[in-house]
Structure formats: structure tokens, C-alpha cells
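Some notes on this model follow, as numbered points. Please read them beside the sequence and the structure.

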Amino acid sequence: MTSRFPPSLCSSDAMIQLYLTSESFPLSSELILVFVCINDQRIRMASPRCPGAMEAIRCSVESWAEFGLSNSANVKILLAGTTVLFCSGSDILLFSSKDKRLSAVLQFDTPVTHLAFSARRYIYVLCEKDGIYCTSLPQQSRPPSPIPVVDQDPVLQRVAEDSILLKDPTIDSFLLAEDLLITVSREEATWTLDLYRVSDGSSSKPVSLRKLAEHRVSAINTAQPHGKTEVNVDGKDLWPVLSCIYPSGGASLPGDLSGSPGCFLLEPVLFTLLFGVDAALVSSPVVLLGLPDGRLCYLPLRIPTPSAPGQRAGPRVLHSLEQPVAFIGTSSVATETGGCLPRSLVAIGQTGRVLLVTANEGGGQGKVERFSEFSIRGPVVCAYLSSSHVYYSTATDLLSLKLNAPSASSSSSDQPGPPDPPTPTPISLNVCGVIAMTLASSDPTEGGAVELLALSRRGRLQKIRLPQGTSGGSVARLPSSLAGQRVKDLLAGIGNVWERASALKNTVQHRNKSLRLLNQVLNICSLMSNQKAEKQTCDHQQPINCHGVTSWSCVLQNDSLMLTCTLENNSAFALEHGWSLSVHIYHMSGSCTAERENPSRTYTFPVQKLSPGQKLDVTLPLGSSHSLSLPLTVHCSLMFSMCSLGSPEDPNLPENTGIQPSSLPIRQSNCICLHLNTLTVDLLDALHFDASMSLSSVSKQPPAPLDAVHTLLDSRGSVRGDPTGQGQRSSPYSAVVKLSVELLRASLKAPGVDAGAGEPGASVSALRWLLNGCPGARGLVEALQMPAVTGRCPAGHTARMTIKEVTLSDVSIEGPLTVLEILIESFSMATVCGLHYAVLRRIQVLPRLIQTCHKPHMQLGEDHMRRAMQRAEALYKALQEALVPTALGVSPSSIRTSHRLLSIYQQLRENPLLILRSFH
């Protein structure tokens, strides 16, 4: 029974898997195997011995580098001295094993399917639909540089089309053997084997080819059985496999085959039995061709063409594996003199069938060839043979297989043949994900150590060192008395791995949560920025907005004005932990007095979770009735603290920072600020209205300075006493605003403007519209029937607002014009100024009118315009004369100067210009 335990331990940072394998045996031989697979290396925990079970040996894995493979199919790897060459897609990467860095990259136009390296330091590359390229190895010499070698960028070289040595888009594979180039191509139902002689060329093309022969082999279309095990998990195509076999001790033996992948030696006796006496006499190398249909064909290269009829000089079939061929090579056994003798021919199929051909005693007939087949676990993605060990990868594990070739004296001469050797058992090397490998070094004199260079599916280049002499039959059984304790120790080890994996899982989950939250924050920022751009062109409400209303509340027996801000989330994203609503309040005057040392305040309200469609209401105080200073500007912003991504316990922004939201992204680099809305709280929002209140109750008002000019001068210590010389005014201060009736009617009909219930006259409708939303006028707006109302400001002063319709006959040449005259009266100049500002602010936010709202081209009367210009020029001249002492450096502290300024202000407010259109 094989199961994964537990399945939730897979993460994006480190692939961790626990495999628990158990089989029911007696307690003395019970087997429990646990593998922990981290990235590409499997770690096997100690377990009892079970008969017939796959063994595992310990090997060391050294990761050199990791590359992002663009295509894991058809990956090849070669070792040329200290340079490692491997292909990925249309690139060939050159890695220096000495400096442990990427030294060069060769770029081709089409994907690379095969490559080889010659002794003359030329790289032969086969590209799809192009043919075979030949290019020299890039020079690694660099000019002296203060930058360390490991920090220098690799050489990037584009291989031009003129480097094509053989233009043939049908070539599937090739082999380089000394000065011979053998290519295999397929056209329709025929495999073609071409032989070329490689020689030195000219300066423009250093290598030239001369075709020697061409041979053909009929192709067999074999249908793959339904449900067959996938041979290539990376999607590799089925390519033919080429190898060149030389007789050992022959006269034409090349000097060194270690740098020629695909070239092997074979003992003369077996060479003669397999390929014939003629090939053995002339020491002819033999090309072995493994086809995707499973046939093994051979072709001697130096046998003369037969002249007798009926003789064939083409490739002959040696054997058939009945499955695609993955590897062809020869295995060796150690001799008494310390050398190695290649005793057998090995061929491996891609689904795990192994062919072992040896020369055995034939019982009086001399030696005969023996074809032995057995199966191993597949699929075979890549394989390499070193001495008597075959190293192959199934993509999920790297295994070692020791080939048991019989010795020369293994049988007597009177027996018809030796008994079949026991089937070898693969040994797991505990390395997974290998898709290409080559031999780095093999030193039998040093404990049989073997070093492999492997490339994993994830693009990790690693060096694997393993002992070659490990045998699967020398492991002792575990005594039954220690089996229970071994199982307990094994479960304890599983618990330790589980704890580490759980901690890693929590870390990965927190990172994923932070990334998801950050992605949501970026989406909200993008949404708000796009909506802000659309709002500049049309009246469009933001998906996340904030609006506020004022109300009076009794706090500690004092009346206080409260502001309730409502945050609405109409977007598709939820506001989660880390978001907060920041409300910044400051006075529009920006001045500080003794009663108001800090003119600005900031309140921060954390948002736990605000799902789409939900609202959040927060209430904050604006000030008590005795300390309230109006008007106030309220900035509402949505803020996100980047500290919340690191740890959920990090606090949000501190309260009362006193920083305006517009400067928060600059001063607070760990926060993201999104401006929502700007509100204004004026004196009209703070008035108390009462139907029984009248303006004549001024005697009940608290004593206060008579006008704003005196208040300003008195606060600066410039004047003492009453500038008018009176103890109390007999008439109130007043201000007038004149508004076009057509403008108001068109605005009240516009969407979003609420003028109250019923169909009253223009004066009452205008008053209802001005008082709509005021907390002190709730219940009074709907019952209002007269165009006049009286209220009390927070400081205790009373004020009256009256609206009436008047007809102006000299404004337009088209006839009399009906306008609304809004009269504001109070015995407090500060109250009159505050209410005048509040009325003008509401007129400013009237919606933009359509051309049908009023006559777009109203012609004003010349007399009216002339009188208005003359009055404005007279007031401007009077103001300049009043400011002459200030321009000369004299303080305007006289009673006369204050009265002149007060007179100018009253003339501006009591006789204003007519408002015909809304202004913004």
C-alpha cells in the first residue's frame, strides 16, 4: 500500500511530500519506507529490510545553479572539459564548472534537439527544420576587470544562418565519431542513414563535409497500445538512438572515447559473434541504430561494398525490443590487472525492457552470443552507463542498476550453457526530477566513487556523487526483537518532519494571504484612480465613498456638535484588515487662538472587514457649543498600512497625527492613502431653530463684541472699547444674496436636489432647500410655510433668514426679472458673516444647468451694468484709501479706520450683484 501523507504539505516554495510505503509481512520482516521529497532530492528514512524490496543508497547532491528551462523536452547535457553544455528550447547554455557560473549563451532560430562536441572544440547542433549547425566554442578570455568573475554577465552569441553545416530539415538525430558524421532522417516509410566525412574547410567555413554513403531501412508504423504508460513525462518526441561500437584492442581504435558520447568499446570475441568476421578483421567500427519501433540495426563502416549478387551492404537487424529504444552502450568488468574489459552489449527500452548480450561458453561449440532480457521499472527518461552500472531516471527517481555479466569460467565445457544470472534489482539514489545527465568522473581506484552531472525538470544543475560498489544483496535483515522499536523511531521521525512541514506551511499560507491582500489593495487603488479620471468628465459617484451628517448631542451636560461619517463600499472588493478610515479636521482660517491651540485633528478608525454592499458608520465630536469654531473642513481618506502585510499584530496609523491626507503618501512611506471626499461644516449646520424664537430677544444674548472688525482688532491688542461709541446697536447687521428664480427652479428639478415635500412657492422652496440636512431644523422643514426662520448659533447669538421675491426692472432689456432676495440679520457680525458664507457655499454646489434652464444669452441693461461698475469702482477706491496707512507702515488702530472698513463690508453685503448662473 502506497499513500501520500499528508497531502497538504505541498507548497510553492519547497515541494515537500511524505511517502509511506508498507507491506504486510511477519513482524521480523515488516517494511515501512518513508521518503521525504524536498525540491528534487528525496530523503529516505531508515526502515527494516524486506525481501524483494527496492534498496536505496545514500548519495550527496550539490546544486550548482538553477535555470528557468523554456522547454523541458529534448534536453541534452554534455561535459567538455570544465564546460557544461545543455540545451533549452532554442538556446544552448555554457556553464563553467570551475567558476560555478553561466559563461555563455548560444541562441538559435529554431528549437535544439541534439548536440555534440568534437575534439577540435567545435559544437555540432541539430535544430528543427534547419539542419546541423557547426560553431566554435565561445572564447572565455576577458579583459582585466575589477568585477569578480562570478558577478560578470555571460557572453550572449547569436548563431547566424551561415553557420549551417548541413541543410536538411528531415534529420532526426546524428552521431559524431572521430572524423565521421552519421545522420538519421525519415521520409515517409523509409529511414535514411547518411555517412559524411568531416574535414577542415576554408577560413569562412572551418569545417566541410563530404558524403560517403547512403543507406535505407524500411520504417514500421507501430500503433501504441491504449493505456500505455507515458514514456516521456516532459512530452519528448520519439527520436532514433545512434551509437558507435569499436572492438577493443583494434588497430583503428581511437585514442580516447571519454569525450565522445555515444562511442563505446566491446571485447573482440563478442564483437565478432555479433557483427561478423569481416568487421572484426578490419577493426571496423559499427553503427548501432535504435529505432522508435524497437529494432536494433547495425552497420559496419569499413567493409568494402560486396560485388557478388545477393549480398547486402546495408543495415541489418540485430534484435527487437518491441518498444522505443532509449539507450545503447556497453558494460565492463574489472580485470585482475586493474583495467576494465567491455564484456556485454546493453540496450534499454523506454518502458523498461533491458537487453543484455554476452559471449558465453556453448558447450563444445566455443563461445556463443546470449541475448538476455529482463524488465525494470519505467519509464526511462534518460540513462547513462559507467563500467557495470546503469544509471537511469524515471523522472520521479534516479536509480542504479548493476549488470551481472557471467565470467569466462562460470560454466564447465560439458554443460550446454550456463544458467541465467539472477535478475538485477535497481537501487534508488533518492534524487527525483532528473531529465538529462552525463558522467562527470569515475574513479574505480577510490572506493568506486562516481560523479554525475544531472539537470532536473525545474532547471536545476546538480552534481551527484555516489558509491559505485554498493550492492543490493548485502543488507542484513532486521531482527524481530528490534522491529517494533525501529517502527517507533520511524514514526518519531515522521512527527519531526510533520512539525517542520507544518511551520513551513503556516509561513507559506501567511505569504499567500499577504500576496492576496496586496493584490486586492492594488485592484482597489486602480479602481479608485480610474473612477477619479471619469469623475472629472461626468458626475459619477465613486464605488467607495464617504459622506457625513451633523447632529447635536449632549455630552457631559454640554451640547456638542457631532459628525457621523458613513463609509460605503459599492465595489466588488472587500476592505479587510489593514484598511482604516482617516478623518482629518481643520479650520478654514488656519489660525490659532488661546482657546484653540491645535487647529487640526485626525481620527483613524480601523476597518475589520467591510464586504461589498456594506456600510460603516463612525461618529466623532467637532466641538462643544462654547468652543466650536466654524467653518470646518473635513477630509475623508481611505488608508492602508503596509505594516499589516508583515504581521497581523502590527498597529495601524496612530491617531491625531495632524497630517493632511494629501501629504500622507509622502510623509508616511509605509501607507497608501486614497482620498474619498471633502466635507465642509458651516454655521448653518450648527444653528438651533425654534418657531417661537424672534430676533428681538437680543437682550437675552450674552455680551459680546459688536462687530467682527472690533473683534479682530481687539484680539491683536490694537484697540480697546466700543468703536461705535454705543453700548448696544439699535439695528442688526445684515447681508443680502440675490439669486435668479429660474436658476433655483431648474436646480430644484435636477436629480439629487431635495427641496422638501409639497409644491410651495419659490421663497419657501428656497428656504427648505437651504435648511435641508441641518440637524437643528429637523421637523421644521416640512412644516415650514413662511419664507422666514429664526435660529440660535452655538455662541448664543440669534439670527434671522428671510427670503422674498422681488422684481428688478432695469437688469435686462428684455423686461422685468424676478429674483429671490435672501436677507440675513443678526446683532453679531460674526454670525452674519458665517451665515453669508454658508448660503454662498450652497449656491456654489448647485448642479450645472442645462441650456433650457434659463435663457443662455440674456442681454443685461446698460444702465444696470454701468451703476454696478461705478459702485464697484467706488468701493475699491474706498478700500484703497482705508489701506493707505497699512501700506505706509502705520497700524490701522484708529476708530475711524475700523468704521471705514466696516462700512465697505456692509455695502458689499447689503447691495450685492445678482447671481444668474451657478458658479464653480
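1. Helices (H or I, at least four residues) and strands (E, at least two) are taken here as DSSP runs, numbered from the N terminus. On that basis the chain holds 12 helices and 48 strands.

2. The model is predicted, so to speak of local features a pLDDT of at least 70 is required, and side-chain atom pairs count only at pLDDT 80 or more, while totals for chains, interfaces and linings use all residues. Residues are numbered from 1 along each chain as its sequence is written, and side-chain values use heavy atoms, with hydrogens and water left out.

3. The chain has 920 residues, and 47% of them count as buried, meaning under 20% relative accessible area (1.4 Å probe, protein chains only).

4. Strands β36, β37 and β40 form an open sheet in the order β36-β37-β40, with antiparallel pairing. At its edges lie β36 (544–555) and β40 (615–624), each pairing on one side only. Two strands pair if DSSP finds at least two bridges between them.

5. How many bridges join β36 to β37? There are 12, and β37 covers residues 558–569.

Methods
Buried means under 20% relative accessible area, exposed over 50%, partly exposed in between (1.4 Å probe, protein chains only).
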